[in-house]
Amino acid sequence: ERPASGSRRSVLMWLVLIAMQPILALSSEGMWNTAFSWCSEAQTTRCSHRQPLSTAPASNIFPTVHRRAPGAVPPGTAFARLQGQHLPLPTSAWWENLALAADQPYSDADAFQMPYVVSTHGGALRVAQPFPVTTTSMAGQSFSFEAGLHIGARESHKLTGPVVEASDELSVTLGWWQSDLAKEAHSSGGFRVPLVRGSPYITAEYSGATPLVQAQHALRVDSGGSSKIVVDGKSHPCDGHHKVRGLILSLDLQHSDTTWLLFSPSTVEWTCRPAPFSITATTPLHGSIRMALANNCTTGAETWQCEGAPQGRDASAYMALLNKHAGSYPTRVVVDFAVEGDVGAVRWLWESKTITGWPTQPLLQLAWPLHMPLLRPSVVAGAAPTPFSDVRGVPVALVGNSWELRYRLFPDAGLHAPRPIADSFRRDLLKALQGDQSFDLPLGYRLGVGDTYLSSRMLARLARLLAIADELGESGKAYFEDMLHRLEKRLE
């Protein structure tokens with residue numbers, strides 16, 4: 001609302017804020033959109049939204065743009081449900097790469113679920129552990145799906161997918177089904193994977209499909225020349241014939257020197273093959289299983305991930321934590337925020353389910369170093385080290401169905417910089433400002449025939465010049481009055 005009365009400074013602040021609003025929305029688009037959606041999901045009674053400019057499907061307003069670049073792939077079947085509902089495609093989501101094509105044959109079609117790197121291929125979800133890669137000039141991370149696991153179904157050749165069934169700021173649910181891509185939430189004949197960021201487990205929910213977990217390399221061979229898996233603490237042969245049943249199955253893979261845990265309903269019977277490794281349920285399942293990497297340095301054989309542990313690492317404490325909390329798994333996340341004085345609070349609330357036959361437990365999630373100073377100390381699970389390390393650091397295991405992160409905010413400083421301008425810079429700033437004092441929108445934009453994107457940016461530029469001039473003490477100069485009048489006219 002425009003000030004009814006007051007000093008020229010209050011009028012200036014009002015004009016500058018209006019002019020800068022488009023550029024703020026453009027530069028922080030994800031933050032604005034996400035904040036509104038968090039609020040509406042968690043507190044619909046107190047939140048309101050501006051009326052949309054249009055409720056017509058975007059496809060009725062804007063033409064379809066076809067990719068023409070060599071090697072470009074169109075959005076694949078994963079987007080079919082969103083397209084069928086005339087919803088915008090989430091082209092800035094963390095999981096976008098998973099949905100670029102129905103079957104990704106190229107190396108960039110992966111997503112960082114945190115802590116795992118995941119991709120879809122051949123009717124299955126591929127899961128790999130990332131590891132940091134550093135040189136003298138860069139820091140990044142890499143991974144190898146050949147050293148990880150594939151989670152799918154024995155009927156994968158009959159299934160269509162993945163389909164994006166649901167998504168929010170921190171999760172996406174992918175589904176593979178026997179019939180059309182618009183399968184409802186409780187359909188049979190397939191499986192779905194709720195990928196939730198920060199979960200140390202990968203969960204698959206089956207509806208009449210037969211669980212299948214496999215790798216591209218072999219189970220470890222013991223000194224007697226045989227391969228075994230451990231089921232609820234007891235060793236069993238993995239020979240393609242022996243059937244096992246239990247809650248916790250431990251799989252020790254030789255090539256990657258990793259130990260994975262498979263969490264299952266106690267009623268499921270499994271058959272294991274050692275090379276290449278696979279474990280398959282004997283009958284279709286209506287229920288869920290979970291997988292988790294428990295140790296990436298089981299014997300010390302892989303030097304790249306066993307630095308300082310030539311004989312392997314003891315992961316018993318972390319395994320115990322995984323075993324205790326494996327029964328409850330997150331399916332989606334509701335995020336809300338609040339501002340209290342100079343503190344901003346962001347709350348993550350996970351919705352969860354429980355594996356059949358398992359006790360309900362608080363969720364086990366991972367937090368990275370950037371989270372820890374923001375979290376309350378009471379949510380830290382303990383000192384059990386995790387096997388993960390990536391470009392963001394080493395994550396810590398936390399227990400709880402919700403997090404609250406508290407950010408210390410800058411006090412409201414208006415449009416001025418939080419620090420005074422150094423005297424050594426004033427001359428150069430004034431010189432640059434005087435060179436821009438005659439800046440104006442081109443004639444076409446002044447007549448109202450320019451595009452809104454560039455015009456908003458140019459209005460924001462003019463507003464910022466006024467704010468800088470005011471901070472430099474130039475608001476009493478004639479050119480300042482001219483610029484202020486020019487901004488007011490252009491906004492009209």
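**Disulfides, sheet, cavity and rings**

Modeller: Cys-297 is buried, with a relative accessible area of 0%. Keep in mind that this is a predicted model.

Colleague: Which residue does Cys-297 join in a disulfide?

Modeller: Two cysteine sulfurs count as a disulfide within 2.5 Å. For Cys-297 the S to S distance is 2.1 Å. The partner is Cys-306.

Colleague: Is Cys-306 buried or exposed?

Modeller: Buried means under 20% relative accessible area. Cys-306 has 5% relative accessibility. Cys-306 therefore counts as buried.

Colleague: Is the link of Cys-297 and Cys-306 left-handed or right-handed?

Modeller: Look at the torsion about the S-S bond. For Cys-297 and Cys-306 it is 135°. The link is right-handed.

Colleague: How many disulfides are there by this rule?

Modeller: One joins Cys-297 to Cys-306. Another joins Cys-238 to Cys-272, with an S to S distance of 1.9 Å. The count comes to 2 disulfides.

Colleague: How many residues apart in sequence are the parts that Cys-238 and Cys-272 tie together?

Modeller: Cys-238 lies in the loop between β13 (234-237) and β14 (243-245). Cys-272 lies in strand β17 (residues 269-273). So the pair ties together parts that are 34 residues apart in sequence.

Colleague: Is the disulfide of Cys-238 and Cys-272 left-handed or right-handed?

Modeller: Both cysteines are buried, Cys-238 at 4% relative accessibility and Cys-272 at a relative accessible area of 2%. The torsion about their S-S bond is about -85°. So this disulfide is left-handed.

Colleague: What is the bridge partner of Leu-212 in β18?

Modeller: Strand β11 (residues 211-214) and strand β18 (residues 278-281) run antiparallel. They are joined by 3 bridges. In β18, Leu-212 has as its partner Thr-280.

Colleague: Which residue takes a positive phi in the hairpin of β12 and β13?

Modeller: Strand β12 (residues 228-231) pairs with β13 in the antiparallel sense over 4 bridges. The hairpin has 2 residues between the strands, and the phi near 50° belongs to Asp-232.

Colleague: Which strands each supply at least two residues of its lining?

Modeller: The lining includes Pro-194, Leu-195, Val-196, Tyr-201, Ile-202 and Thr-203. By class, the lining has 6 nonpolar, 3 polar and 1 charged residues. The strands asked for are β9 (190-196) and β10 (201-209).

Colleague: Last, the rings. How many aromatic pairs are there by this rule?

Modeller: A pair of aromatic rings is described by the distance of the centres and the angle of the planes. Rings pair if their centres lie within 6.5 Å. The count comes to 9 aromatic pairs.

Colleague: How do the rings of Tyr-116 and Trp-260 lie, and what is that arrangement called?

Modeller: Their centres are 6.0 Å apart. Planes under 30 degrees apart count as stacked. Here the planes are at 20°, so the pair is stacked.

Colleague: How many residues apart in sequence are the parts that Tyr-116 and Trp-260 tie together?

Modeller: Tyr-116 lies in the loop between β1 and β2 (117-121), and Trp-260 in strand β16 (residues 258-263). Tyr-116 is buried, with a relative accessible area of 0%. Trp-260 is buried too, with 3%. The parts tied together are apart in sequence by 144 residues.

Colleague: Which residue is linked with Tyr-116 and Trp-260 into a cluster?

Modeller: Ring pairs make this link. Along with Tyr-116 and Trp-260, the cluster holds Phe-388.

Technical notes: Residues numbered from 1 in each chain as written. Predicted model: local features only at pLDDT ≥ 70, side-chain atom pairs only at ≥ 80, totals over all residues. Heavy atoms only, no water. Buried < 20%, exposed > 50% of the residue type's maximum accessible area, 1.4 Å probe, protein only. 1 Å grid on protein atoms, 1.4 Å probe; cavity = no way out; pocket = protein on both sides within 12 Å on 5 of 7 lines; lining within 4 Å. Nonpolar A, V, L, I, M, F, W, Y, C, P; charged D, E, K, R; others polar. Pairing = 2+ DSSP bridges. Phe/Tyr/Trp six-rings, centres within 6.5 Å; stacked < 30°, edge-to-face > 60°.
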